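I opened this model to take notes on a few spots. The entries follow in the order I looked things up.

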Amino acid sequence: MKLKEIKNWSPEVESSIVEKWKNSEMFKFDAKSNKKIYSIDTPPPYVNAPVHIGQAVTYCYMDFFARYKRMKGFQVLFPLGLDRNGLPIEMAAEKKFNISPFRDGRDKFIDACKKLLEETSTETADTFAKLGISFSSYKEGNHVGAVYKTDSPEYRAITQETFIELFKRGLIYEDSRINNWDSKLQTTLADSEIEYKDIPSDFNYVKWKVKETGQEIIIATTRPELICTCGMIIFNPKDERYKKLDGKTAISPIFGKEIKIKSNSMADPEKGTGIVMMCSAGDLSDIQFFREQNLIPKIAIEKDGKMNSIAGDLHGLKVREARQKIIEMLKEKNLLQKQESIIHRTPVSERSNTEIEFIQMPEYYLKQLEFKNEIKKISDKINFFPKESKKILDDWIDSVSIDWPISRRRFYATPIPLWHSSEGEIVLAEPGKYCEPWKTLPDKNFEVWKNGRHGRTPKDFQEKSLLGAKKIGTVGDEKFKNRKWKGEERVFDTWMDSSISELVILKYKKDNEFFKKAYPCSLRPQGKEIIRTWLYYTLLRGYLETKKPCFEDVWINQHIVDSKGYKMSKSKGNIIDPQKLLKNYGGEAIRFWSAIEGDLSRNDLKCSEERISAELKTLNKLLNVSRFTMLFDKPAKKPKLEKLDELFVNEINSLTYFCDQSYENYDFYRPAQSLRKFLWEIFASHYLEMIKARVYNQKKYFSKQESDSAKWTLHYILEKILFLLYPIIPQITATIAKEKGIDLLSAEFPKVPKSKFKKELIEKLMNFNSDVWKKKKDSGISLANEIYGIKIPKELKDFEKDLKMCHNLR
């Protein structure tokens, strides 16, 4: 669309531009190029729901980075990934189709997930296209930079292949441990998938008896339903109140079990009554205590969230029902001294919002504890933006206390590529080929491994059962001809897939030559809330595969909140829909607002529809100054510049240098603010007004050289503005630049020396202009009419001729 056809910038103007960009593949990655590669490991959005405002804004920032790097001469790999694995997809399918994998079966449930994904995936790409996101491709395929889907056979095959190799290296083991359990979703969760919430609860002060003396002791607990699992009673060694109880025996109320009383520093004298019952799996401290004391755990909660036979009369009740029941029982027997209402910090599943229970289940683990120091060392070699965000990663690494449970008891995810026999043998799938063991049998050439499992007593429940595994043949061997192989039904934690995203986009295991040239990935942009998951697991997996840091730079973003600073949610009714914003204001207004609203790497951005709407005025201001500039032909040769023109050329050169330095460090906020100020308050409001008479030169008051100087400077400044704003608002800048014969889509970023000039002169000029305009207004004089008695300050004498004509000074 040509400039003269555009009355005002609008979403309608953008529609034809973005559709052309999307379909033309103009930003397609050239894997054979000799240019240095700049790769962005984009965070694949879940496609079960429309793109939300947070994704819209953060992808705008990623596009700022990509377009700037292209202008700097890089071959930019900027892929669109679509996350189609895991619990969010399953939960959306369950809700939409009223289906349950437990009720309706695995096959039917997976078909429902696929149906959901077919309906939603194209919406994500269309939204990004409307925002002007310049992905390397909007098409699927095998080429570098193609759209990838995390549930594709190709992607899942790489997850499976890396697992098989880790297994062979002895880094995978199966263990029956107490794990975080989501009873609603029926799956194990890693610590990184847990968040803590302050939830109202009760401290129940329960009466116990000391066997040897008959003494009554009071123990406060929030989990009385777990009295049946108590393994020890402890008090702090410094607590004088209970020293005489050390080594004695307590009798548990209701259940009548004998429990040893011992001193232990884990007890807090200030909490409750200072004497504590340690249950098998009440919380993480209980689990840690049982491991340290080598106690045999008794798990009273089943995977369906109901109490089992260990709980006695509570058997079959849900946890909360059991808690209420035992409180009633304690009251009936006068064993409850009192209750106190408290706020309890409770572990909750990030996905289902269900309170976490701790269940002993066999799961597969990936070793991570022994690599904590190495992960810290490689992270020190990565540039973090902002620097302080690295502390979140460091703190998380310090907190990691168990190996990573990587198996999940769910359905729409990458299957674990194993088969089992009743004799304890394991079949590994063929690396590089996607398989679904739960519904297929292994091929004859598949390797058989002995997993090293042996009989274990409850005391060594932490023993790692796959350590020392070795290959013992293939499925087709004579000795295995009568084996019945059962396919593994568990799937991987989706972070097992997501944590190899940078390997996938750089063609790991697919194109070794390209991978060697492209690795490590240039940038990982992501939110701070998934540092402990996506970033940490990627660093771990990248290290285990390559022994190197997987990124050069990491850019961490904050959140998008509502106009009052509150987190957006359906319940609050404060969600801002980017689809509505795109329809009303277009992608360019959203992009420019995203850049000027704040530094997203340091602060939450307050999303205001009013402020986004206001940036349409900025876009139209740019259109108007462009139209004015293009009323005049740019002189073929640069003339000798007048002092005023030279001053403003130096100003835009200085701004160009500043933008370049800032963009290099992923700072688009300060440049965007400066460019907006320059466009509105300096270029349009002052420079254009001061040179209008000279550029028109209707009265021949100025020489041709003086007029040409103004014309050349007008064009020079406009072009620089277009170049500098292009990464932020590419549609309007590219449209204007095309009228000037400039292709910004393939242009280089302007190179200018660091400018040294008297910036204060511009401020003095602006102050002088403002004073004159105010005096005319106060005196009732039209801006075009003469005004007498105003003297031009000495420091502005070089600009006297322009100032006299601008203000009609007499």
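**Helix 7**

I began with helix 7, residues 284-293, and asked which of its residues are buried. I found Asp-286, Ile-287, Phe-289 and Phe-290 buried there. I then looked down the axis of helix 7: its buried residues fall within an arc of 160 degrees, so they line one face of the helix. The general rule is worth a note: an α-helix has 3.6 residues a turn, so residues three or four places apart point the same way.

Next I asked what covers the buried residues of helix 7. The cover includes strand 5 (172-182), strand 9 (230-235), strand 12 (275-279) and strand 14 (357-366).

I kept in mind that this is a predicted model.

**Two asparagines with positive phi**

Just after helix 7 I came to Asn-294. Its phi is near 55 degrees, a positive value in a residue other than glycine. Asn-294 lies in the loop between helix 7 and helix 8 (319-332). Is Asn-294 buried, partly exposed or exposed? Its relative accessibility is 41%, so I put it down as partly exposed.

I located Asn-334 in the loop between helix 8 and strand 13 (336-349). Asn-334 counts as exposed because its relative accessibility is 52%, and the cut-off for exposed is over 50%.

**Whole chain**

I stepped back for the overall numbers. The protein chain has 23 helices and 27 strands. Its C-alpha atoms fill a box of roughly 110 × 70 × 45 Å along the principal axes. Of the 810 residues, 58% are buried. The chain exposes about 36200 Å², and carbon and sulfur atoms supply 47% of that area. I also looked at contacts between residues at least 6 apart in sequence: 76% of them join residues at least 24 apart.

**Arg-410**

Where is Arg-410? I found it in the loop between strand 17 (407-408) and strand 18 (418-420).

I then listed what Arg-410 touches, leaving out residues up to four places away in sequence. The partners are Leu-87, Glu-90, Glu-94, Pro-101, Phe-102, Arg-106, Leu-185, Gln-186, Thr-187, Glu-489 and Val-491. I checked one pair by distance. Arg-410 and Leu-185 are 225 residues apart in sequence, yet their C-alpha atoms are 7.9 Å apart in space.

**Ser-134**

Ser-134 is another loop residue I looked up. It sits between helix 5 (106-130) and strand 4 (148-149). With a relative accessible area of 2%, Ser-134 is buried. Which residues does Ser-134 contact, leaving aside neighbours within four places in sequence? I noted Phe-27, Asp-63, Ala-66, Arg-67, Arg-70 and Phe-78.

**Cis peptide bonds**

The bond from Phe-385 to Pro-386 is cis, with omega near -5 degrees. Pro-386 is in the loop between strand 15 (383-385) and helix 10. The bond from Tyr-519 to Pro-520 is cis too, with omega near 0 degrees. I placed Pro-520 in the loop between helix 13 (512-518) and strand 24 (521-527).

**Helix 9 against helix 10**

From Pro-386 I went on to helix 10. How do helix 9 (residues 372-379) and helix 10 (residues 390-399) cross? Their axes come within 10 Å and cross at roughly 170 degrees. Helix 9 is therefore roughly antiparallel to helix 10, since angles over 145 degrees count that way. Helix 9 brings Lys-372, Ile-375, Lys-376 and Ser-379 to the contact, and helix 10 brings Lys-390, Leu-393, Asp-394, Ile-397 and Asp-398. I sorted these residues by class: three nonpolar, one polar and five charged.

**Helix 19 against helix 22**

My last pair was helix 19 (residues 669-696) and helix 22 (residues 759-779). The axes come within 11 Å and cross at roughly 70 degrees. That makes helix 19 roughly perpendicular to helix 22. From helix 19 I listed Glu-681, Ile-682, Ser-685, His-686, Glu-689 and Met-690.

Key. Residues are numbered from 1 along each chain as its sequence is written. This is a predicted model: local features need pLDDT of at least 70, side-chain atom pairs count only at pLDDT 80 or more; totals for chains, interfaces and linings use all residues. Side-chain values use heavy atoms; hydrogens and water are left out. Axes are lines fitted to C-alpha atoms, for helices over the stretch in contact, and angles run from 0 to 180 degrees between N-to-C directions. Helices (H or I, at least four residues) and strands (E, at least two) are DSSP runs, numbered from the N terminus. Angles under 35 degrees count as roughly parallel, over 145 as roughly antiparallel, 65 to 115 as roughly perpendicular and the rest as oblique. Contact means heavy atoms within 4.5 Å. Ala, Val, Leu, Ile, Met, Phe, Trp, Tyr, Cys and Pro count as nonpolar, Asp, Glu, Lys and Arg as charged, and the others, Gly among them, as polar. Buried means under 20% relative accessible area, exposed over 50%, partly exposed in between (1.4 Å probe, protein chains only). Accessible areas come from the Shrake-Rupley method with a 1.4 Å probe; for residues, only the protein chains shown count as cover. The arc is that of the directions from the helix axis to the C-beta atoms.
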